[in-house]
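Here are some notes for a first look at this structure. Please keep the model open as you read.

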Number of protein chains: 2
Amino acid sequence: MSGVTLLGLVAAACTTASFVPQVLKAWRSGSSADLSLGMYGLFTLGIVLWLAYGLLIRDTPIIVANVVTLVLVLSILVHILRFGKPRPPAA
Amino acid sequence: MSGVTLLGLVAAACTTASFVPQVLKAWRSGSSADLSLGMYGLFTLGIVLWLAYGLLIRDTPIIVANVVTLVLVLSILVHILRFGKPRPPAA
């Protein structure tokens, strides 16, 4: 495995793993009012396109990263849709 | 420009642009308690590595996406560090 592919895999691991603390925080706190539905909706679409891109150019880091990221961001998207009602403005 | 590069640019545009609504939501609401510092710290590290990866393999979609994403996620990271104090648990 080349150094460049290893760099891509480490980059993929960081950006992919980074969603784990947000998934845990949302589901543990039961609160996702500050999370943007717009972000996670558009991000999910982008991840699907990145996955298609990675498959077309047969790039392992991009494929691996985006399969796992898709699962994680979908679980955040579900949380926002179910629990993400904006809080009433602070009095 | 090939169809594959176009797909990469559209994927890059989606995942990059997706952070704009989260930046706006955080700075407008002044609240980012639900956002995970762990996520945005690790995600920022990953974006720096993706940028290095893109530069090494000279991949336009990856380079463009990660330069812009870096600016956006840094602004969210700053917001979390300044305003992201966890809320007192609901009574």
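1. Start with the contact between the chains. Chain A and chain B bury about 3300 Å² between them, and 73% of that area is on carbon and sulfur atoms. Three residues of chain A stand out: A:Asp34, A:Trp50 and A:Tyr53 supply 20% of the area that chain A buries against chain B, more than any other three residues. Bear in mind that this is a predicted model.

2. Next, who takes part. Chain A gives 39 residues to the contact and chain B gives 40 residues. Between the two chains there are zero salt bridges. Polar contacts do occur: 17 residue pairs, with both residues at pLDDT 80 or more.

3. Now the chain A side. Helices H1 (3-17), H2 (19-29), H3 (37-57) and H4 (60-83) of chain A each give two or more residues to the side that touches chain B. H3(A) provides the largest share, 14 residues. By class, this side of chain A has 26 nonpolar, nine polar and four charged residues.

4. Finally, the cavity lining. The largest cavity is lined by 20 residues. Nearest its centre lie A:Trp50, A:Asn66, B:Thr15, B:Trp50 and B:Asn66. Both chains contribute: H1, H3 and H4 of chain A, and helices H1 (3-17), H3 (37-56) and H4 (60-83) of chain B, each supply at least two lining residues. The lining has twelve nonpolar and eight polar residues, and no charged residues.

Methods:
Residues numbered from 1 in each chain as written. Chains lettered and ligands numbered in written order. Predicted model: local features only at pLDDT ≥ 70, side-chain atom pairs only at ≥ 80, totals over all residues. Heavy atoms only, no water. Contact = heavy atoms within 4.5 Å. Buried area = accessible area lost by both parts, 1.4 Å probe. Salt bridge = Lys/Arg side-chain N within 4 Å of Asp/Glu carboxyl O. Polar contact = N/O pair within 3.5 Å; in protein donor to acceptor, adjacent residues only side chain to side chain. Helix = DSSP H or I, 4+ residues; strand = E, 2+ residues; numbered from the N terminus. Nonpolar A, V, L, I, M, F, W, Y, C, P; charged D, E, K, R; others polar. 1 Å grid on protein atoms, 1.4 Å probe; cavity = no way out; pocket = protein on both sides within 12 Å on 5 of 7 lines; lining within 4 Å.
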